[in-house]
Amino acid sequence: MDRYKSVSVISLSGLIAAGPRGLNLENVGPLLARGFRKRGTVAVALRLNSPGGSPVQSSLIGAAIRRLADEMQLPVHAFVEDVAASGGYWLAAAADDIWLDESSITGSIGVISAGFGFADAIDKIGVERRVHTAGEDKSLLDPFRPERAEDVDRLKAIQERIHKTFIQHVSDRRGDRLDQSRDLFTGEIFVGQDAVDAGLADGIGHLVPKMKELYGEKTRFRILSRRRPLLARLMPNAGEGLVTSALAAMDERSLRARLGL
């Protein structure tokens, strides 16, 4: 009688950011280790639903996925639900193949910085702002003073370095599967089959049927997902936790809004 095969399903959902409520290496690392190192596991499936966030945390999580995959010699399959864009796509690209729903959003391979300028506002209400620094660039992009061209140039140089790293990661992972006839790294988003046609994903497919197609009808699934900290579970409306949660939700909502979600 054939023995069943076990697949670890790891859910990576939410804003990629440092802190207890974000998706980051500190709280995802142990989850990944359990999923990859469970005895009898034949593959790992990543269930992804993230609009992105921190490029550093995206890189750290992606690198951890690859280290564990190489160490345990396990294939990794990514399944995008609503969205895996920007940093979320960075995580997807860490897998050996990427599967989508017809309406899944991916791509957004770029770097963005957004903010507000309040220089005119404080003049109108008669506020005098006093800032003293050691180092002329310490107040880089201060929103309460007129924007300086040299500040914008420095910011764009930083963004360009991060963007090149992102492009290299995707190029290394996707290789010849990428459509070489077009620029896929403009920050454009792709929906469903569009991403497959561009080589950013491998096909339309959902987790359970695709894994059973690859590993047999007797495949069993071991579901792993992050648990909230004990205090957050016991006191979900605790003051600081409530504020932190609200801010994180606003950040994630803002990112999803840019993607039309």
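Arg177 is partly exposed, at 34% relative accessibility. The class covers values between buried (under 20% relative accessible area) and exposed (over 50%), computed with a 1.4 Å probe on protein chains only. This is a predicted model: local features need pLDDT of at least 70, side-chain atom pairs count only at pLDDT 80 or more, and totals for chains, interfaces and linings use all residues. Residues are numbered from 1 along each chain as its sequence is written, and side-chain values use heavy atoms, with hydrogens and water left out.

Arg177 forms a salt bridge with Asp202, at 3.2 Å from N to O. Such a bridge needs a side-chain nitrogen of Lys or Arg within 4 Å of a carboxyl oxygen of Asp or Glu. The two partners sit in distant parts of the chain, 25 residues apart. Arg177 is in the loop between H5 and strand E6 (189–191). Asp202 is in the loop between helix H6 (193–198) and strand E7 (203–204). Helices (H or I, at least four residues) and strands (E, at least two) are DSSP runs, numbered from the N terminus. Asp202 is also partly exposed, at 26%.

The count of salt bridges comes to nine. Another joins Glu188 and Arg182, at 3.7 Å from N to O. Glu188 is partly exposed, with a relative accessible area of 35%. Arg182 is partly exposed, also at 35%.

Next, Arg173. Its salt bridge to Asp96 has its closest N and O atoms 3.5 Å apart. Arg173 lies in helix H5 (residues 149–174) and Asp96 in the loop between helix H3 (87–93) and E4, so the pair ties together parts that are 77 residues apart in sequence. Arg173 is partly exposed at 21%, and Asp96 at 27%.

Now helix H7 (residues 207–215). Its buried residues are Leu207, Lys210, Met211 and Tyr215. An α-helix has 3.6 residues a turn, so residues three or four places apart point the same way. On the other side of H7, Pro209 and Glu213 are exposed. The cover over the buried residues includes E1, strand E2 (41–50), strand E3 (76–85), strand E4 (97–100) and strand E8 (220–224). Gly216 follows H7, with a positive phi near 105°.

Strand E1 (residues 6–13) holds Ser11. Ser11 is buried, at 14% relative accessible area. Leaving out residues up to four places away in sequence, Ser11 touches Leu31, Arg47, Leu224 and Ser225. Contact here means heavy atoms within 4.5 Å.
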